[in-house]
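Student: I have a model open and would like to go through some of its details with you. Could we take a few spots in turn?

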Amino acid sequence: MLGGDKDKRGPGSSSEVRQSGLSMARLLRSALAPTGGADSAVEKNIGHALLWGVTAAATLIAVGLADLLWSSGLGATTVSMSSLTSSEPAVWTFRSPAGMLSGLGGGDPNAIIGLGLLILIVTPVLPVFLSLVSFLRRRDLPFVLITLWVLAVLVAGLLWVR
Amino acid sequence: MIIPLLTLFLGVDIRHAIGASIVSVIATSSGAASAYFRDGLTNRRVGLLLETATTTGAVTGAFVTSLVSGQVLYVIFAGVLSYSALAMFRKRHSATPTGVADHPWSSHLRLAASYHDFSLQKTIHYNVAGVPPALAAMYAAGVVSGLLGIGSGVLKVPAMDLLMRLPIKVSSATSNFMIGVTAAASAGVYFARGDIVPLVAAPVALGILVGAILGARLMQRMGSPAIRRVFVAVLIVVAIQMAAKGLSWPLL
């Protein structure tokens, strides 16, 4: 999202474009440092939990992907593309969560990637749970109800589709 | 944008492309959200409150499909996005909203908060206006995203920016958090059906995670007017895409 580069409109923007361009290098270098704005312990915890979730997921996915490409050879990626165009790619995935679990036992790289993806999918729910806990602790009834409602609708949606 | 890339260029089956796309939405959301939360930008209270409306909309959206044709919805959506683009474009030079009064519901629920704007190097306190219209807009966003399969972020950010008068960085961060929650629900379904193919989803997820984390930190260092202008561009592109779909232009 390089807003300085994309913007061409407006009279006051050219200096901003130049400024943004010059400081891009500085921005990239400091990109990973927190800006120190969070004053709530809960928010810091959530941020860290998300980072852990994302890192764990990314590690598993990267390891699994590397394993997958390594063990089937890089040339296999062209073969896999053709099997992916069908609606039932037999080799390159697991059929169900149960399939994934058994695949994990056997060290199937697809299953490793799958576990990473599963962790990734669960990650956004963490802030909601952590918020619920903090609202309960603070006895913030309106927000306990609000958070429960959101969780309930999510679960209902999941069950409904099945 | 991931879906056409995968289906048209790589020939991936549509269901698996959608699965990978949902994974990408979660990757963007969680990657960026970890930064936003640690920097105190996300307003969880506003986000959760609005999510009650969005999730309800997404679930009840299925009933709405039978009433209105998809084509009509696309065109209406294009109209709403264009209007939002125009409204946000008019505000393009403003950094942070001033003189905003809390809506009575905001005071009651204590939605107002403050955040540290890194680019301005100061802490800004903001109030939260327009709660009922924002809830209505979120319901519509939920319905639309459930029906048309588009991310609802394009409606969430303008609703928070224009209706609730939140600072644009807070709107982006909060909407980001909200989107992740809803995407997680859809992703669960796709995962259980085996529609998420590791070979396809893995590179998508990794690339986007890296991009999102860096992008989130960059966002905080950018000036708010610049962010708003980028968003206007995004709105215009999506509005054109929606109009094309609704009017059956051979554009995509």
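Student: Where is B:R165 found in chain B?
Tutor: B:R165 sits in the loop between α7 (153-163) and α8 of chain B, where helices (H or I, at least four residues) and strands (E, at least two) are DSSP runs numbered from the N terminus. This is a predicted model, in which local features need pLDDT of at least 70, side-chain atom pairs count only at pLDDT 80 or more, and totals for chains, interfaces and linings use all residues. Residues are numbered from 1 along each chain as its sequence is written, chains are lettered from A and ligands numbered from 1 in the order in which they are written, and side-chain values use heavy atoms, with hydrogens and water left out.

Student: And what is the phi of B:R165?
Tutor: Its phi is near 60 degrees, which is a positive value in a residue other than glycine.

Student: Are B:R45 and A:D140 buried or exposed?
Tutor: B:R45 is buried, and A:D140 is buried as well.

Student: What does B:E51 form a salt bridge with?
Tutor: Its partner is B:K156, with the closest N and O atoms 3.8 Å apart. The pair links distant parts of the chain, since B:E51 is in helix α3 of chain B and B:K156 is in helix α7 of chain B, 105 residues apart. B:E51 counts as buried because its relative accessibility is 1%, and B:K156 is buried with a relative accessible area of 0%.

Student: Moving to the rings, how many aromatic pairs are there over all chains?
Tutor: The search of the whole structure finds 2, where rings of Phe, Tyr and Trp (its six-membered ring) pair if their centres lie within 6.5 Å, and planes under 30 degrees apart count as stacked, over 60 as edge-to-face and the rest as tilted. A:F135 and A:F143 form a tilted pair, 5.2 Å centre to centre with 40 degrees between the planes, and both A:F135 and A:F143 are buried. In the pair of B:F37 and B:F177, the ring centres are 5.5 Å apart and the planes are at 80 degrees, so this pair is edge-to-face.

Student: Which helices do B:F37 and B:F177 lie in?
Tutor: B:F37 lies in helix α2 (residues 14-38) of chain B and B:F177 in helix α8 (residues 168-192) of chain B, so the pair ties together parts that are 140 residues apart in sequence. B:F37 and B:F177 are both buried.

Student: Which strands does chain B pair, and in what sense?
Tutor: Strand β1 (residues 113-117) and strand β2 (residues 122-126) of chain B pair in the antiparallel sense over 5 bridges; two strands pair if DSSP finds at least two bridges between them. B:A113 has B:Y126 in β2(B) as its bridge partner. The hairpin has 4 residues between the strands, and in it B:Q121 takes a positive phi near 55 degrees.

Student: Last one, how many residues of α6(A) are buried?
Tutor: The helix is mostly covered, with 10 of its 14 residues buried, among them A:I113 and A:L117. A:I113 has a relative accessible area of 0%, and its C-alpha lies 9.0 Å from that of A:A58, a residue 55 positions away in sequence.

Key:
Buried < 20%, exposed > 50% of the residue type's maximum accessible area, 1.4 Å probe, protein only. Salt bridge = Lys/Arg side-chain N within 4 Å of Asp/Glu carboxyl O.
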